[in-house]
Each structure stands twice: as structure tokens, then as C-alpha cells.
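Biologist: I have the structure open and a few questions about it. Can you put it up on your side too?
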Amino acid sequence: DGVMADFMGHVYETVKAETDRQYCHADTVDYWFNDCPDKALFLDIMNRQGTYRHLGVISGAREAIARLREDYDVVVCSAPPQHSKTAEDEKREWLAEYFDAELAEQAIITRDKHLAIWRVLIEDNPHINRDANWRPLIFDQAWNRDVNDLPVMYGWHDLGVVRKLMQ
């Protein structure tokens with residue numbers, strides 16, 4: 001979520017439906033929603049059953065992942081929220097629907113991504129562990145624009161950054 005799945009878009013739609021308050025992606029500049037007056041509601045939505053099953057796909061993700069899979073072993077790694085009982089299953093179902101069953105089955109769903117071993121991790125979390133076994137690549141979002149010590153991918157059209165890191 002935040003790289004392939006549009007988690008924040010879903011949150012904004014849900015908040016609007018429940019409160020009539022409107023947000024957009026530029027409004028959230030803190031990864032943990034500390035800048036948001038509706039932080040408690042955002043966190044509640046994060047942990048609700050069904051949230052991860054009904055996310056939109058970030059523009060260009062399907063096509064870019066297909067292209068990357070032609071040349072590389074692509075494995076999705078995603079962290080489930082601490083208090084969600086259904087996020088792992090929902091994330092796998094979402095991957096199977098929007099990508100394919102193989103990507104869903106191979107996905108690594110863990111709260112501790114730094115234990116995984118691969119070459120590059122495309123991540124939207126600005127608090128990423130910089131001492132991991134892989135090269136972090138920040139997927140540009142409003143909440144990570146203050147990261148200036150890591151390479152940045154400015155959307156799925158920007159595959160050249162991934163290819164460069166894979167060399």
C-alpha cells in the first residue's frame with residue numbers, strides 16, 4: 001500500500017463518506033498521520049476488515065510490475081497493520097485480483113521487512129531501515145518528500161531508477 005495499492009485514496013474516500021470532510025494526497029505529509037486532524041479515524045480505517053481488499057491500483061503499477069517480471073524475480077513485501085486481523089489475507093486477495101495468483105502466493109507479509117533478503121525494496125515509508133540487506137528505493141509520496149539520502153522513484157513510469165539499482 002502506497003507503492004502498488006492506493007491506500008490513502010481509499011482512506012480519503014472513506015473519511016469523506018463518514019464525515020463529509022475532504023482530503024487529498026498532498027494533505028498527508030506525515031507517514032503516521034500526526035499532521036492529520038482525523039488521525040484516529042485514519043488509524044481505525046487502517047485496521048478495519050475489508051480495507052485492504054478494496055484499494056485501487058496506483059497508476060502504472062500493473063504494467064510496470066509486468067515489465068519488471070520479464071527481467072527480474074519480483075516479490076511483494078508488505079507490512080500489515082499491528083491491529084488488523086484480516087490484512088494479510090486481504091492483501092493476498094488484492095494481489096491475486098489485480099496482478100496474479102503467483103505474485104499473491106509469493107508475497108512476504110511481515111512487520112519486519114529488514115529481515116527479508118533481496119536486492120532492492122521499493123518503499124513509501126520514510127522510516128525505512130537503512131541497515132538492511134537490500135537497497136531501499138523511495139516511491140515518491142507526499143509523506144516521504146523530506147527523505148534526501150535515498151534514491152527516489154517518481155511513479156511507475158520511472159523504471160530506470162529500479163534498473164540502475166539492480167545492476
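Modeller: One term before we start: contact here means heavy atoms within 4.5 Å. Also, this is a predicted model.

Biologist: Fine. What is K113 in contact with, leaving aside its neighbours within four places in sequence?

Modeller: K113 is in contact with C77, S78, A79, W118, L121, E123 and W134.

Biologist: And where is K113?

Modeller: K113 sits in the loop between strand 4 (108-109) and strand 5.

Biologist: Is K113 buried or exposed?

Modeller: K113 is buried, with a relative accessible area of 16%; the cut-off for buried is under 20%.

Biologist: Which residue does K113 form a salt bridge with?

Modeller: E123, and the closest N and O atoms of the pair are 2.6 Å apart.

Biologist: How many salt bridges does the structure hold?

Modeller: The structure holds 14 salt bridges. Among them, R145 pairs with D140, with the closest N and O atoms 2.9 Å apart. R145 is exposed at 55% relative accessible area, whereas D140 counts as buried at 18%. D20 forms a salt bridge with K16, at 3.4 Å between the closest N and O atoms. There is also a network of salt bridges linking E18, D44 and R48.

Biologist: Switching to the strands. What does strand 6 pair with?

Modeller: Strand 5 (residues 120-123) runs parallel to strand 6 and is joined to strand 6 by four bridges. One of the partners there is P136, which pairs with L121. Strand 7 (residues 152-153) also pairs with strand 6 in the parallel sense, over two bridges, and F139 has M153 as its bridge partner in strand 7.

Biologist: Is strand 6 mostly covered or exposed?

Modeller: Mostly covered: four of the five residues in strand 6 (residues 135-139) are buried.

Biologist: Last one, helix 3. Which residues are buried there?

Modeller: In helix 3 (residues 61-71), the buried ones are A61, A64, I65 and L68. These residues cover an arc of only 100° around the axis, so they lie on the same side of helix 3. E63 and E70, on the other side of helix 3, are exposed.

Biologist: What covers the buried residues of helix 3?

Modeller: The cover includes strand 2 (56-57), helix 5 (101-106) and helix 6 (159-166).

Conventions:
Residues numbered from 1 in each chain as written. Predicted model: local features only at pLDDT ≥ 70, side-chain atom pairs only at ≥ 80, totals over all residues. Heavy atoms only, no water. Buried < 20%, exposed > 50% of the residue type's maximum accessible area, 1.4 Å probe, protein only. Arc of directions from axis to C-beta. Pairing = 2+ DSSP bridges. Salt bridge = Lys/Arg side-chain N within 4 Å of Asp/Glu carboxyl O.
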